[in-house]
Amino acid sequence: MEHVIEIQNLSWKYKGSEDWVLKDISLQVKKGEFIGIMGQNGSGKSTLCRSLNGLIPHRFNGSMKGKVLIGGKLDTFEMSIADCARKVGMVFQDPDAQFIRGTVEEEIVFGAENVGLPIKEIKERLEWTLNEVNLNRDFLNKPPSDLSGGQKQRVAIAASLILKPDIMVLDEPTAQVDPMGKLEVFKVIERLRKEHDMTVILVEHRADEILKFADKVVLLDQGSIVLSEPPCQFFKKVDVLLDKCVYPPQVAQLGYLLAQDPEIKLPAHEIPVTVEDGIQCLTKLLCT
Amino acid sequence: MSQPFISAKDVHFKYPDGTKALYGVDLDIYEGEIVSIVGQNGSGKTTLVKHFNGLLKPTEGDVLVGGTSVKKQPLGQLARTVGYVYQNPSLQLFCRSVRDEVSFGLKLLKVPGNEIKSTVEESLKTVGLLDKIDEYPFFLTMGEKQRVAIAAILALKPKVLIVDEPTTGQDYKMAYQFMKLFEKLNKEEGKTVIFITHEMRFSTEFAKRTVVMSNGKILLDGPSGKVFTQVDKLKEAFVAPPQISELAMKLNECGIRPDILTVDEMYQEIKQALLKKRGAINGTCN
């Protein structure tokens with residue numbers, strides 16, 4: 001199967017900095033996959049995101065080694081940033097930092113206007129994106145600042161989506177959003193995957209959503225990939241996660257303590273990561 | 001019990017644009033408590049705590065701090081009693097150096113210069129940022145900015161510290177460090193701490209008491225262990241209990257207490273249950 005993203009031995013250093021922020025990263029992503037990226041502040045998560053939509057190397061100064069291939073053949077180094085934006089949509093942590101226009105409508109169509117799509121097509125795509133992100137037309141004339149956190153991020157997603165990218169990269173999209181808003185945003189992402197086989201790369205500090213939605217989780221530490229596994233395997237490794245400052249699910253933390261205890265010795269592969277796993281595992285341990 | 005230090009009495013609040021945010025809130029906070037306030041955005045958490053240091057005045061009802069109505073206390077005095085750390089430190093920081101930032105409140109209150117110097121250094125030491133005293137706040141990391149904001153409030157030596165979503169957007173280590181810092185300030189300096197959070201694991205681990213807000217009212221208020229077992233009420237407030245509470249409630253049939261709050265507590269409970277069970281099987285009657 002073709003890889004929609006292929007990162008080959010990528011290293012990156014910002015201009016003026018001594019250290020390589022990314023060190024020899026290799027990662028392959030299949031179409032429709034959902035990859036979660038975790039790691040402590042400063043581990044290189046945002047830099048990796050920027051290298052996927054061409055912001056690196058086109059908008060940041062620095063040194064690059066290795067390659068990022070999109071859609072199996074296009075090299076971000078050779079593509080224009082506009083072409084990158086058509087292929088790879090990007091949503092940032094702080095939507096307010098991304099919004100530059102006066103109304104939600106202007107904000108959403110901005111990218112489409114920029115690449116010069118005909119007005120009729122922009123109008124059609126606007127209707128389509130509103131529907132995709134589950135936003136009411138009533139929002140169109142409002143200033144983005146009047147919206148809730150979840151609504152703002154859905155506008156930010158719509159603004160990327162209007163270019164019909166194959167890949168969405170979301171850098172901590174719900175860090176500033178309350179649990180309800182979080183749910184709204186993840187519902188939209190799930191729908192994009194189901195209906196359009198969208199490939200999703202998502203940076204997140206908290207385990208809950210990654211556990212629920214991701215096919216694979218990548219742990220970055222000091223610019224290198226330390227773990228790359230399906231979430232049910234990934235979150236069992238509580239010692240590694242704690243060492244690298246990633247929140248393990250509480251159930252996994254409990255399982256880890258039970259595995260470490262010489263009198264209980266829960267086998268490491270049986271460490272539960274979800275509440276459902278936990279109920280099953282502990283019922284077996286306690287009630288039988 | 002002694003007199004509450006902060007007492008909200010049937011507080012109603014309407015913003016100037018007509019949005020009503022609080023609908024009759026009664027809440028007593030006692031000296032030395034750590035209280036967590038949870039609830040979805042728009043439930044009135046921030047609006048409520050802004051009444052405690054006079055940033056907002058009730059439209060109806062009253063808030064007493066130290067026994068006196070906030071309506072009768074000058075803001076400067078209230079700021080020294082109840083410190084409020086904003087959710088977004090960028091909103092609070094505006095000076096050219098960390099030192100100026102932390103000195104600002106003290107200068108406003110006309111504290112003598114030599115006292116300012118020592119207080120500022122002491123506050124920065126508490127949050128572990130003394131080495132950044134001459135840096136420009138804008139270039140600090142999010143976590144550092146947040147700590148400068150906390151130091152600026154600590155410098156005023158308030159009895160009560162209110163922190164609005166201190167862990168939002170932080171990684172696990174940083175979030176945990178913040179919570180440990182508040183715990184330390186509570187234990188060692190006797191500060192009353194009120195924190196607003198969306199992370200229920202911090203609510204259960206660090207606050208003995210949790211207040212759940214929904215639609216401008218208090219829906220639940222009590223020991224965190226009791227609050228997080230009220231599944232239906234929590235659902236009404238769109239608050240999900242932390243994984244461990246959920247697990248404990250569902251393992252009730254296996255003899256696990258439903259009001260367990262932390263991973264460690266759960267681990268001990270399971271260990272005891274297991275040893276008891278094994279003891280029963282092995283028939284250790286002697």
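**Exercise 1. Describe how helix H5 and helix H7 of chain A pack in this predicted model, and state which residues meet.**

Step 1. Two packed helices are described by the angle between their axes and the distance between the axes. For helix H5 (residues 104-114) and helix H7 (residues 149-161) of chain A, the angle is about 35° and the axes lie 6 Å apart.

Step 2. On the side of H5(A), the residues that take part are A:Val104, A:Glu107, A:Ile108, A:Phe110 and A:Gly111, and they meet A:Val155, A:Ala158 and A:Ala159 of H7(A).

Step 3. Sorted by class, the residues of this contact of H5(A) with H7(A) comprise 6 nonpolar, 1 polar and 1 charged.

**Exercise 2. Work out the strand order of the open six-stranded sheet in chain A, and explain why E6 and E10 each have one side without a neighbour.**

Step 1. The 6 strands of this open sheet follow the order E6-E7-E8-E3-E9-E10 in chain A, and their pairing is mixed.

Step 2. Strand E6 (88-91) and strand E10 (224-229) of chain A stand at the edges and have a single partner strand each, so one side of each is left without a neighbour in the sheet.

Step 3. From one strand to the next, the twist averages 20°.

Step 4. E6(A) and strand E7 (residues 167-171) of chain A run parallel and are joined by 4 bridges; in E7(A), A:Met168 is the bridge partner of A:Gly89.

**Exercise 3. Identify the buried residues of helix H4 of chain B and the helices they pack against.**

Step 1. In helix H4 (residues 98-108) of chain B, the buried residues are B:Val98, B:Arg99, B:Glu101, B:Val102, B:Ser103, B:Gly105 and B:Leu106, a list that includes the charged side chains of B:Arg99 and B:Glu101.

Step 2. These buried residues of H4(B) pack against helix H2 (75-81), helix H5 (113-126) and helix H6 (142-154) of chain B.

Step 3. Just after H4(B), B:Lys110 takes a positive phi of about 55°.

**Exercise 4. Compare the two contact regions: that between chain A and chain B, and that between the two domains of chain B.**

Step 1. Between the chains, 31 residues of chain A are in contact with 31 residues of chain B. On the side of chain A, helix H8 (179-196), helix H12 (250-260) and helix H13 (275-287) each supply at least two residues, and H13(A) gives the most, with 8 residues.

Step 2. By class, this side of chain A has 18 nonpolar, 11 polar and 2 charged residues.

Step 3. Within chain B, the domain assignment gives domain 1 (6-239) and domain 2 (242-286), whose centres, taken over C-alpha atoms, are separated by 36 Å.

Step 4. Here 9 residues of domain 1 of chain B are in contact with 7 residues of domain 2 of chain B. On the domain 1 side, helix H8 (200-206) and helix H9 (224-227) of chain B are the elements that give two or more residues, and H8(B) gives the most, with 4 residues.

Step 5. The side of domain 1 that touches domain 2 of chain B has, by class, 2 nonpolar, 4 polar and 3 charged residues.

Terms used: Residues numbered from 1 in each chain as written. Chains lettered and ligands numbered in written order. Predicted model: local features only at pLDDT ≥ 70, side-chain atom pairs only at ≥ 80, totals over all residues. Domains from an automatic or database assignment. Axes fitted to C-alpha atoms, helices over the stretch in contact; angles between N-to-C directions. Pairing = 2+ DSSP bridges. Buried ≥ 20, exposed ≤ 12 C-beta atoms within 10 Å, placed from the backbone.
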